[in-house]
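Dear colleague,

Below it you will find a short account of what turned up when I went through it.

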Protein chains: 4
Amino acid sequence: MLSFESDYTEGAHPAILEKFIETNMDQQSGYGVDVYSESARKKIAKACGKEDADIYFITGGTQTNQLVIDTMLKPYEGVVAAVTGHVAAHEAGAIEYTGHKVLTVPQYLGKLKASDVKELVDTFYNDANHEHMVFPGMVYISHPTEYGTLYTKEELKEISDVCHAYNLPLFLDGARLGYGLMSYDTDVTLEDIAELTDVFYIGGTKVGALCGEAVVFTKNNTPAHFVNLIKKHGALLAKGRLNGVQFDVLFTDDLYFKISRHAIDMAEKLKTIFKEKGYEFYIDSPTNQQFFIIDNKKLEELEKHVRYGFWEKYDDTHTVVRFATSWATTEESIEKLKELL
Amino acid sequence: MLSFESDYTEGAHPAILEKFIETNMDQQSGYGVDVYSESARKKIAKACGKEDADIYFITGGTQTNQLVIDTMLKPYEGVVAAVTGHVAAHEAGAIEYTGHKVLTVPQYLGKLKASDVKELVDTFYNDANHEHMVFPGMVYISHPTEYGTLYTKEELKEISDVCHAYNLPLFLDGARLGYGLMSYDTDVTLEDIAELTDVFYIGGTKVGALCGEAVVFTKNNTPAHFVNLIKKHGALLAKGRLNGVQFDVLFTDDLYFKISRHAIDMAEKLKTIFKEKGYEFYIDSPTNQQFFIIDNKKLEELEKHVRYGFWEKYDDTHTVVRFATSWATTEESIEKLKELL
Amino acid sequence: MLSFESDYTEGAHPAILEKFIETNMDQQSGYGVDVYSESARKKIAKACGKEDADIYFITGGTQTNQLVIDTMLKPYEGVVAAVTGHVAAHEAGAIEYTGHKVLTVPQYLGKLKASDVKELVDTFYNDANHEHMVFPGMVYISHPTEYGTLYTKEELKEISDVCHAYNLPLFLDGARLGYGLMSYDTDVTLEDIAELTDVFYIGGTKVGALCGEAVVFTKNNTPAHFVNLIKKHGALLAKGRLNGVQFDVLFTDDLYFKISRHAIDMAEKLKTIFKEKGYEFYIDSPTNQQFFIIDNKKLEELEKHVRYGFWEKYDDTHTVVRFATSWATTEESIEKLKELL
Amino acid sequence: MLSFESDYTEGAHPAILEKFIETNMDQQSGYGVDVYSESARKKIAKACGKEDADIYFITGGTQTNQLVIDTMLKPYEGVVAAVTGHVAAHEAGAIEYTGHKVLTVPQYLGKLKASDVKELVDTFYNDANHEHMVFPGMVYISHPTEYGTLYTKEELKEISDVCHAYNLPLFLDGARLGYGLMSYDTDVTLEDIAELTDVFYIGGTKVGALCGEAVVFTKNNTPAHFVNLIKKHGALLAKGRLNGVQFDVLFTDDLYFKISRHAIDMAEKLKTIFKEKGYEFYIDSPTNQQFFIIDNKKLEELEKHVRYGFWEKYDDTHTVVRFATSWATTEESIEKLKELL
């Protein structure tokens, strides 16, 4: 059975497992002060072009979004996101659990627009009753988005400019950041992101790690006593080495970028195959998630041999499905898929 | 440099790492429905003597305590714990973060007494104003306790009886459960715990895993939509296999118990050495954590060669320190420590 | 200076103040068990046609919405509301503060549609990933709405039917309920509301009281230990008589309905005047709030003599404004307004 | 039936009701910007000797404690209180509901000691693991305390000094402040309190008002967007005049102080009677709450004629009871009580 169900179906990149074995019996202190975490932090800071970036490793994506948003917002503030943003729709209310509202703006292929953010903020401050409403307190974007789409550098810059004009921190969710940075069709670099955002995270779980996201505070703006707040959120690992070792490996010899590029190469092959076979694209995604509109009968046949992600009903006879590649996708599986189609 | 600083200074038991490698490229669905998690659940249920136990894997201890307490309590309830209980003192307010108060009873070498719980509950219901106070809603104990001490089966039964007489779920924090069960000096089995408690967890992080705690609901009493609540708390791993594989290995061929027994064997050797050398015991602990009262000058000398846990100031010239053994402690390190002392 | 700024610009109906004086030195127990609260409860239950209705007095509207929604929802649930619903837009995040999301459906002159609620719920349960999303847990409507509009009995019945088909409690915010019930253009009675909803409140603050809202649980469905939860929310008055006396007066000899009808009579006169003077109506509201589109120059002139509520910018040269009547509006002030226009 | 059950059994001081009538039809804007609130603020600031004090009116005591503590604490902080402090024991978990822990120190007749606060803070910062614990973030005291006792000016100064040495705001709960200030046995003035604390409140509910507490921020330290936070807590009254009028009256011509003194005069008479009749005092309280140890048989007889507050069981044959006087206690009722005893 082939699977393109998601980008988290396999374990970890083999180099990570090797490093686990190599370092296993080293005795290290807990809670993130081990040498591997320390080394990983330095490598990531360097890759970001920000030697003074402040970096923390958190285990999962929802937890990271919940933690960063809760600790960056003031009590009277909410977070602005696209209506399709992960924090707006698919986090089981994890943001609201922290007492903060998600304020939504329209989405365009999963992206939000700087002008819409500006309008939301202007409307808010022009409302005579705005003290009775939730203050816009930060802006959340993901890159790639839920639809696999990417912001251009110019778009990021516009959003960043609006944010900073209104003193709103810009938070970029990079759960699939590697696949965004290594797209054939992007002008955005890791340095750009470190420059244009106030805090972002580099996803590990979906890019070669068993778990782990690296949160990067780029502007000497880490919330006070952040380790305490991580603990209060239930998110502090005793064995910080678990995340530390993984990110140390991923940021050694550009492994993170190389394996991300591999996923993109596989995705482009997959796109070519679907195109050649005459399938209709739901969105033209430049990253590792590809969305197709498939006839339900065909799909019935297909799902005997391949697992994919159900996305949404398209019409009574068609369905939108997602095929995801990853660092672990093999050329062989792409070939097999080609035969199947 | 020797280290007896804690029981989470090394990585994972080698058998776990081997299994990671062996299973690495299997494609599995996320969020805990992978075959390894499923297998681990069955093995743990069997070890508990409760085929219908409902089991979930959570990444860390604070998170588990926070999640179980929040989801088992009703909104008008708090959790009863010993004044030294981990949730009362060392969780950075993670319980209160969920909106629930920790109600404390006295501690006796880290343990609470059934009679004190009964008195707290009776006093509460006898108070004419109790609708203005926090209802006692569950009882939290840890086994071993913060001081490495253990409840006897009789004590557990008494606590369980009081809890059930008052309809209070009993929650047992087993962050170091293996070391409790394998103590030379206990009559409590895993089956007993499954029988006498309403929910408990089997600690992985401190007993051979890189991370992970297995929460066991023993009475068909899992909170409704628990997976949603795990997600809402930010505690749902995308790659559920990370915890699943680890617990599957730990509960294969009694590995969990064997490595716990090793730690106990090492702790007993360590106790013998300290006793022979004339050190004063702060507490007579039957598990893997040992507490000594050491002269500060001696300590200054010692800490050049060995790392230990600072516990608390004893008097102006002495300190209470903790030495912990674990599944990873070697005979060799015990011998070296003997020479040092 | 005339004022039609809102329906809470004056104090209380004189009969309430008289009763305060009359009852002032009676010694009564606190926290809502005084004889006035008890009497008010019985009168309200009778007016609702539900002798077994369970009734609590809360001081303000936001507090009531926050309390009812938080205590009726389960932890994995959110509340469904129109996108313009008060809890969605104008409560400073008070709902999210309790950890619950507001799930929005479209609005039609401030009202939501049963079919949209049904679609939201169906879509939710059809989503394979719905365990990762917020469950729809209750439906919130207000009557009158933010725009002064009213549901017909048929519409209420449809909403109620959808709610009960999906086991969702229906909550009706009646901050201005009197003005809704006494509209010339409604077929909905208090008994209907008690029958069709699961919980609702009768607004006092905006209908003749100094403060106070009467929450009515209609289906023997009061959350357990509700008084404790009121206290936990900081909403339990020591002198429960403050609300009790007010509602006892309002529900004696139909005072609540009579003064509401007066406000409607005044609103209808006001509408006639604006119509005669050729003003454009923004919405054709059948209750005490009237919305007009006024030329900004005219408005500049007007605001020298009369206070009104700013609603929103209409276009570059026009503004939407709100004129509200209340139990306290005098014929004389209507006449003066006529002269001014 | 006589009642000394509590100090909130009657309505409001008649002068307040008269003012309600006098001002009733004045049209005022809502949410605390009415002329009465404004006037009350000025009078209170003047009485405090702090013209720049920032003052807000909140409806009840629990709400005020919850709001002030939540908004003054940082997310990693808890509030320090005596183990018998109202926020520690009798608020139904309202503080924990906001996500903050109450850290307790010993009580001495209801009071806490500066030295205990200092020790708690020192112990905290000396603990190597304090980042895993709740930071002490403010100190809560009440004056009078739960037991009717009072701090001396020297004691207040010591507490204030420790607080400021450690940068902890000092919060004084003055639910019964008038009775404390007018005690025969105090050297503490309202100006002292304004000087020595960072925030405190002047209780209205128990001192002549129907409801209302005046929160005074004394050091230009009001939390940002405090009105929004009041609303988010569900604590913002639409008709702010309700509290405004009451405090305006109470702070006109020293009414607040005069009626408080009356309660103290009555309490002293009551003490004399009990002393003469040979009753045992549980505590020697200098304020309006008096605590006696009474034989249960005697009590049985007594409660046929007089209502009192049950405090706690003393031993198998005696009970501690509370008799409270207030602004509303008459000489006549004291005389009747004398006859009864």
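In this predicted model, C:K313 is joined to C:D316 by a salt bridge in which the closest N and O atoms lie 3.3 Å apart. Both partners are exposed, since C:K313 has a relative accessibility of 56% and C:D316 a relative accessible area of 67%.

In chain D, the side chains of D:K313 and D:D316 likewise meet in a salt bridge, at 3.3 Å from N to O, with D:K313 exposed at 57% relative accessible area and D:D316 exposed at 66%. Salt bridges with shared partners also link A:E268, A:K271 and A:D284 into one network, and the count over all chains comes to 75 salt bridges.

A further salt bridge pairs D:R261 with D:D265, whose closest N and O atoms are 3.6 Å apart; because these residues sit four apart in helix 12 (residues 255-276) of chain D, about one helical turn separates them. Here D:R261 is partly exposed, at 35% relative accessibility, and D:D265 is partly exposed as well, at 26%.

As for the arrangement of the copies, chain B is superposed on chain A by a rotation of 180 degrees with 0.0 Å of shift along its axis, at an RMSD of 0.0 Å, and the two copies are therefore related as by a two-fold rotation axis. Within chain B, the residue that comes closest to this axis is B:L17, at 3.6 Å (C-alpha).

Finally, the unreviewed UniProt entry places the feature "domain: Aromatic amino acid beta-eliminating lyase/threonine aldolase" at residues 4-238 of chain A, a stretch that is 38% helix and 16% strand, with its end C-alpha atoms 34 Å apart.

Technical notes:
Residues numbered from 1 in each chain as written. Chains lettered and ligands numbered in written order. Predicted model: local features only at pLDDT ≥ 70, side-chain atom pairs only at ≥ 80, totals over all residues. Heavy atoms only, no water. Least-squares fit on C-alpha atoms with pLDDT ≥ 70 in both. UniProt positions renumbered as here; feature names shortened; annotations may be inferred. Helix = DSSP H or I, 4+ residues; strand = E, 2+ residues; numbered from the N terminus. Salt bridge = Lys/Arg side-chain N within 4 Å of Asp/Glu carboxyl O. Buried < 20%, exposed > 50% of the residue type's maximum accessible area, 1.4 Å probe, protein only.
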